[in-house]
Amino acid sequence: MVDTMDVGTLRTLAGDAGHDDPIVALRAIVKLQRELDRIEATAVRRARNAGASWQLIALCLEVSRQAVHKKYGKA
């Protein structure tokens, strides 16, 4: 579930990230990164609320347990 931006908008941004105009591409990339960060934070919170361990979340995100806990542990 995407909570802040609809899937169509994400697809548009992803498409614009490959735009021939590098300025259009860069703007789309920044917006896409910000939105993906919000979506990731929501997914981590939902996983923790569902009982997932920091180790399992870290494995899914392909980072260390320490890194994911440092980034999201205070939430």
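Helices (H or I, at least four residues) and strands (E, at least two) are DSSP runs, numbered from the N terminus. Arginine 11 has its place in helix H1 by this assignment.

The structure is a predicted model, in which local features need pLDDT of at least 70 and side-chain atom pairs count only at pLDDT 80 or more, while totals for chains, interfaces and linings use all residues. Residues are numbered from 1 along each chain as its sequence is written, and side-chain values use heavy atoms, with hydrogens and water left out.

**Confidence**

pLDDT is the predictor's confidence in each residue, from 0 to 100. Its mean over the protein is 92, and 93% of the residues reach 70 or more. Where pLDDT is low, the predicted coordinates should not be read in detail.

**Overall form**

The protein contains four helices and zero strands, and its pattern along the sequence is α-α-α-α. The radius of gyration is 15 Å, well over the 11 Å that the globule rule gives for 75 residues, so the protein is more spread out than a compact globule. This radius is taken over C-alpha atoms, and the globule rule is 2.2 Å times the number of residues to the power 0.38. Along the principal axes, the C-alpha atoms fill a box of roughly 40 × 25 × 20 Å.

Contact means heavy atoms within 4.5 Å. Of the contacts between residues at least 6 apart in sequence, 27% join residues at least 24 apart.

**Surface and charge**

Buried residues (under 20% relative accessible area, against over 50% for exposed and in between for partly exposed; 1.4 Å probe, protein chains only) make up 20% of the 75 residues. The protein exposes about 5,600 Å², of which carbon and sulfur atoms supply 56%. There are 12 positive and 9 negative side chains, and the centres of the two sets lie 11 Å apart. Lys and Arg count as positive and Asp and Glu as negative, with His and the chain ends not counted.

**Selected residues**

Glutamine 33 has its place in helix H2 (residues 22-49). At 48% relative accessibility, glutamine 33 counts as partly exposed. Proline 22 is also placed in helix H2, and at 52% relative accessibility proline 22 counts as exposed. Arginine 11, in helix H1, counts as exposed at 62% relative accessibility.

The table gives C-alpha separations for pairs that include these residues.

| Pair | Separation along the chain | C-alpha distance |
|---|---|---|
| glutamine 33 and leucine 13 | 20 residues | 9.8 Å |
| arginine 11 and valine 44 | 33 residues | 22 Å |
| proline 22 and asparagine 49 | 27 residues | 40 Å |

Glutamate 62 is found in the loop between H3 and helix H4 (65-72). At 73% relative accessibility, glutamate 62 counts as exposed. Most residues other than glycine have a negative phi. Glutamate 62 has a positive phi of about 60° although it is not a glycine.

Notes: Areas by Shrake-Rupley, 256 points an atom, 1.4 Å probe, with all protein chains shown as cover. Charge placed at Lys NZ, Arg CZ, Asp CG, Glu CD.
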